[in-house]
Amino acid sequence: MLQSEARYRVLLENLPQKIFFKDRDLLYVSCNDNLAHDLGMASEEVLGKSDYDFFPEDLADKYREDDIRVLESGETITLEESYIHDGEEFVVQTVKTLVEDENGEIIGVLGIFWDINRRKRAERELERYRHRLEELV
């Protein structure tokens with residue numbers, strides 16, 4: 001059992017994405033070190049906290065609403081949303097999905113997200129070039 005847990009942890013810690021698991025009360029049960037680092041603490045220190053402990057109220061409200069939507073609908077959702085790290089706002093793509101235990105009981109929400117700022121900038125630049133091209137034609 002410990003060996004499989006160690007393999008699981010190696011997988012989580014070597015992904016560049018930020019990963020978290022929240023319980024039904026939307027308190028953090030676990031997260032990978034990438035997310036904990038962004039929050040300025042060790043992953044163990046994140047446990048038992050909520051988004052309100054880390055993010056401005058309006059952003060925490062939005063995260064909570066999305067989590068509740070997943071818990072109530074059972075649907076996996078994919079979002080582009082704001083994320084703040086070191087006082088700087090980023091656009092991230094987030095996937096949130098329901099987590100059930102071995103008996104099919106809902107136990108929380110699993111999320112994974114990654115920075116898409118570079119992609120968004122490229123899309124805006126491409127759109128500017130399209131407009132300029134249309135003006136020439």
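## Phe55 and its surroundings

Leaving aside residues up to four places away in sequence, Phe55 touches Tyr28, Leu39, Ala60, Tyr63, Tyr83 and Ile84. The structure is a predicted model, and in it Phe55 sits in the loop between helix H3 (43-46) and helix H4. Phe55 has a relative accessible area of 8% and is therefore buried, the cut-off for that class being under 20%.

## Nonpolar cores

Phe55 also belongs to the largest nonpolar core, a set of 14 residues in which Tyr28, Leu35, Val46, Phe55 and Tyr83 have the most contacts. Strand S2, helix H2 and helix H4 are the elements that give two or more residues to this core. Apart from this core lies another one, of seven residues, which include Leu26, Leu71, Leu79 and Val109.

Val46, like Phe55, is among the residues with the most contacts inside the largest core. With residues up to four places away in sequence again not counted, Val46 touches Tyr28, Cys31, Ala36, Leu39, Met41 and Phe54.

## The sheet and the helices on it

Five strands form an open sheet in the order S2-S1-S5-S4-S3, and their pairing is antiparallel. Strand S2 (28-31) and strand S3 (77-85) stand at the edges with a single partner strand each, so that one side of each has no neighbour in the sheet. From one strand to the next, the twist averages 30 degrees. The pairing of S3 with strand S4 (residues 88-100) is antiparallel and runs over nine bridges, and Thr78 stands opposite Val95 in S4.

Helix H4 (residues 57-73) lies across strand S1 (18-23), S3, S4 and strand S5 (106-115), and runs at about 155 degrees to S3. Helix H5 (residues 117-136) likewise packs on the sheet, where it touches S3, S4 and S5, and its direction makes about 120 degrees with that of S4.

## Salt bridges

Seven salt bridges are found in a search of the whole structure. In one of them the side chains of Lys18 and Asp38 meet at 3.5 Å, N to O, a pair that links distant parts of the chain, with Lys18 in strand S1 and Asp38 in helix H2 (residues 33-38), 20 residues apart. Lys18 and Asp38 are both buried.

Within helix H4, the side chains of Lys62 and Asp66 meet in a salt bridge at 2.4 Å, N to O, and because the two residues are four apart in this helix, about one helical turn separates them. Lys62 counts as partly exposed, since its relative accessibility is 28%, whereas Asp66, with a relative accessible area of 7%, is buried.

Asp67 forms a salt bridge with Lys96, and the closest N and O atoms of this pair are 2.6 Å apart. Asp67 lies in helix H4 and Lys96 in strand S4, so the pair ties together parts that are 29 residues apart in sequence.

Terms used
Residues are numbered from 1 along each chain as its sequence is written. This is a predicted model: local features need pLDDT of at least 70, side-chain atom pairs count only at pLDDT 80 or more; totals for chains, interfaces and linings use all residues. Side-chain values use heavy atoms; hydrogens and water are left out. Two strands pair if DSSP finds at least two bridges between them. Axes are lines fitted to C-alpha atoms, for helices over the stretch in contact, and angles run from 0 to 180 degrees between N-to-C directions. Contact means heavy atoms within 4.5 Å. Buried means under 20% relative accessible area, exposed over 50%, partly exposed in between (1.4 Å probe, protein chains only). A salt bridge is a side-chain nitrogen of Lys or Arg within 4 Å of a carboxyl oxygen of Asp or Glu. A nonpolar core is a set of buried Ala, Val, Leu, Ile, Met, Phe, Trp, Tyr and Cys residues joined through side-chain atoms within 4.5 Å.
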